[in-house]
Amino acid sequence: MADLLENLNERQQEAVLETEGYVRVIAGAGSGKTKFLVSRYAYLVQDYGIDPANILCVTFTNKAAGEMKKRIPERLEMLPERQ
């Protein structure tokens, strides 16, 4: 799990680790929203065993959506196999 929190600030780490309900992120351009969403997605899949088909990530730009489509599979490939 430590690698999922790597390069995230304290507030981002808190949001990644929150597991009750939804998490809404409001932040400016270049603040790490996409990085946070990718890390949270990977955390839920890896540590909680949630089926990726049951996770909804919403963003408001095509650019961020494209980045998420690219980064999520890359991040999941980097994770160790679940025990």
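Where is Asn7 found? The legends below start there and work through a predicted model.

**Figure 1. Asn7 sits in a loop between two helices.**
Asn7 belongs to the loop between helix H1 (2-5) and H2. Its backbone is worth a look. Phi of Asn7 is near 70°, a positive value in a residue other than glycine. Most residues other than glycine have a negative phi. Asn7 is exposed, with 59% relative accessible area.

**Figure 2. Helix H2 has a buried face and an exposed side.**
Helix H2 spans residues 10-17. Gln12, Ala15 and Val16 are buried in this helix. Viewed down the axis of H2, the buried residues fall within an arc of 100°, so they line one face of the helix. An α-helix has 3.6 residues a turn, so residues three or four places apart point the same way. Glu10 and Arg11 lie on the other side of H2, where they are exposed.

**Figure 3. Asn9 caps the N-terminal end of H2.**
A side-chain oxygen of Asn9 lies 3.1 Å from the backbone nitrogen of Arg11. Arg11 itself is exposed.

**Figure 4. Tyr43 and Tyr48 form an edge-to-face pair.**
How many aromatic pairs does the count come to? The count comes to one aromatic pair. The ring centres of Tyr43 and Tyr48 are 5.6 Å apart. Their planes stand at 70°, so the pair is edge-to-face; the cut-off for that class is over 60 degrees. The two partners can be read by their accessibility. Tyr43 is buried, at 7% relative accessible area. Tyr48 counts as partly exposed, at 45%.

**Figure 5. The largest pocket has a volume of about 850 Å³.**
The largest pocket is lined by 31 residues. Closest to its centre are Val25, Phe36, Leu37, Val58 and Thr59. Helix H3 (33-48) and helix H4 (62-78) each supply at least two residues of this lining. H3 gives the most, with seven residues. By class, the lining of the largest pocket holds 17 nonpolar, eight polar and six charged residues.

**Figure 6. Val58 is one of the residues closest to the centre of the largest pocket.**
Val58 lies in the loop between H3 and H4. Is Val58 buried or exposed? Val58 counts as exposed, at 54% relative accessibility; the cut-off is over 50%. Val58 can also be placed against Asn7 from Figure 1. The two are 51 residues apart in sequence, and their C-alpha atoms are 22 Å apart in space.

**Figure 7. The second largest pocket has a volume of about 250 Å³.**
Fourteen is the number of residues in this lining, and those closest to the pocket centre are Arg11, Gln12, Ala15, Arg24 and Val25. H2 and H3 are the elements that give two or more residues to the lining of the second largest pocket. Which helix gives the largest share of this lining? H2 does, with four residues. The lining of the second largest pocket divides into six nonpolar, four polar and four charged residues. Gln12 and Ala15 are buried in H2, whereas Arg11 is exposed.

At 1% relative accessibility, Ser39 counts as buried.

**Figure 8. Arg40 is buried in helix H3.**
Arg40 has its place in helix H3. Why does Arg40 count as buried? Its relative accessible area is 11%, and buried means under 20%. Arg40 and Thr19 are 21 residues apart in sequence. From C-alpha to C-alpha, Arg40 and Thr19 are 9.5 Å apart in space.

**Figure 9. Ser31 contacts the backbone of Gly28.**
Ser31 is found in the loop between H2 and H3. What does the side chain of Ser31 reach? The side chain of Ser31 reaches the backbone oxygen of Gly28, at 2.6 Å. Ser31 is partly exposed, with a relative accessible area of 33%. Ser31 and Ile55 are 24 residues apart along the chain, and 22 Å separates their C-alpha atoms.

Methods:
Residues numbered from 1 in each chain as written. Predicted model: local features only at pLDDT ≥ 70, side-chain atom pairs only at ≥ 80, totals over all residues. Heavy atoms only, no water. Buried < 20%, exposed > 50% of the residue type's maximum accessible area, 1.4 Å probe, protein only. Arc of directions from axis to C-beta. Polar contact = N/O pair within 3.5 Å; in protein donor to acceptor, adjacent residues only side chain to side chain. Phe/Tyr/Trp six-rings, centres within 6.5 Å; stacked < 30°, edge-to-face > 60°. 1 Å grid on protein atoms, 1.4 Å probe; cavity = no way out; pocket = protein on both sides within 12 Å on 5 of 7 lines; lining within 4 Å. Points joined across faces, edges and corners; volume = space filled by probe spheres on them. Nonpolar A, V, L, I, M, F, W, Y, C, P; charged D, E, K, R; others polar.
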